[in-house]
Amino acid sequence: IDKEIGGETEMILVQGIIDAWFMEGKDVILMDYKTDRVYGKQGEEELIRRYRLQLANYAEALSRITGKIPKEKLIYSFALGKEILIEDEKG
């Protein structure tokens, strides 16, 4: 990740492992599995808050590797038993 710090560009290394990604037609789909013990709608919102940046970083890495911006970023929550779509933050 290139980040400007004090007028200079610094290279920052972030390490992580993408749980899963796949092609759906010509689209890239990113999936990350979470085992956090969360419950209900508040739990879903908490997972989004906790992991939005992580999935954004994974999406950036996939974009660099594949040349395609992931169409969807998903969390699969084992506690909730469902997929959660992570949408880009609106500025």
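A helix here is a DSSP run of at least four residues, and helices are numbered from the N terminus. Helix H1 covers residues 40-66. Select Gly 67, which follows H1. Its phi is positive, near 80 degrees. Keep in mind that this is a predicted model.

**Stop 1: the whole chain**

Zoom out and show the cartoon. Trace them along the sequence: the pattern is β-β-β-β-α-β-β. The chain has 91 residues, and 27% of them count as buried. Now show the surface. The chain exposes about 6700 Å², with carbon and sulfur atoms supplying 49% of that area.

**Stop 2**

Select residues 40-66, helix H1. Where does H1 bend? Look at Tyr 51: the helix bends there by about 50 degrees.

Now colour the buried residues of H1: Gly 43, Glu 44, Leu 47, Ile 48, Tyr 51, Leu 55, Tyr 58, Ala 59 and Leu 62. An α-helix has 3.6 residues a turn, so residues three or four places apart point the same way. Compare that with the positions you have just coloured.

Beyond its neighbours within four places in sequence, Tyr 51 is in contact with Lys 34, Asp 36 and Ile 75.

**Stop 2: the nonpolar core**

Nonpolar side chains tend to be buried together in soluble globular proteins. Here, the largest nonpolar core has 13 residues. Select the members that touch the most other members: Leu 30, Leu 47, Tyr 51, Leu 55, Ile 75, Ile 84 and Ile 86. E4 and H1 each supply at least two residues of this core. H1 gives the largest share, seven residues.

**Stop 3: Ser 77**

Move to strand E5, residues 72-77, and pick Ser 77. Is Ser 77 buried or exposed? Its relative accessibility is 0%, so Ser 77 counts as buried. Show what surrounds it. Apart from neighbours within four places in sequence, Ser 77 is in contact with Lys 34, Val 38, Leu 47, Lys 82 and Ile 84.

**Stop 4: salt bridges**

The structure holds nine salt bridges. Visit three of them.

First, select Asp 27 and Lys 71. Their side chains meet at 3.7 Å, N to O. Asp 27 is in strand E4, while Lys 71 is in the loop between H1 and E5, 44 residues apart. Asp 27 is partly exposed, because its relative accessible area is 30% and that value falls between the 20% and 50% cut-offs.

Next, select Asp 32 and Lys 34. Their closest N and O atoms are 2.6 Å apart. Both Asp 32 and Lys 34 are buried.

Last, select Asp 36 and Arg 50. This salt bridge spans 2.6 Å, N to O. Asp 36 lies in the loop between E4 and H1, and Arg 50 lies in H1, so the pair ties together parts that are 14 residues apart in sequence. Asp 36 is buried, with a relative accessible area of 17%. Arg 50, at 40%, is partly exposed.

Salt bridges that share partners join Asp 36, Glu 46, Arg 49 and Arg 50 into one network.

Note on methods:
Residues are numbered from 1 along each chain as its sequence is written. This is a predicted model: local features need pLDDT of at least 70, side-chain atom pairs count only at pLDDT 80 or more; totals for chains, interfaces and linings use all residues. Side-chain values use heavy atoms; hydrogens and water are left out. Buried means under 20% relative accessible area, exposed over 50%, partly exposed in between (1.4 Å probe, protein chains only). Accessible areas come from the Shrake-Rupley method with a 1.4 Å probe; for residues, only the protein chains shown count as cover. Contact means heavy atoms within 4.5 Å. The bend at a residue is the angle between axes fitted to the seven residues ending there and the seven starting there. A nonpolar core is a set of buried Ala, Val, Leu, Ile, Met, Phe, Trp, Tyr and Cys residues joined through side-chain atoms within 4.5 Å. A salt bridge is a side-chain nitrogen of Lys or Arg within 4 Å of a carboxyl oxygen of Asp or Glu.
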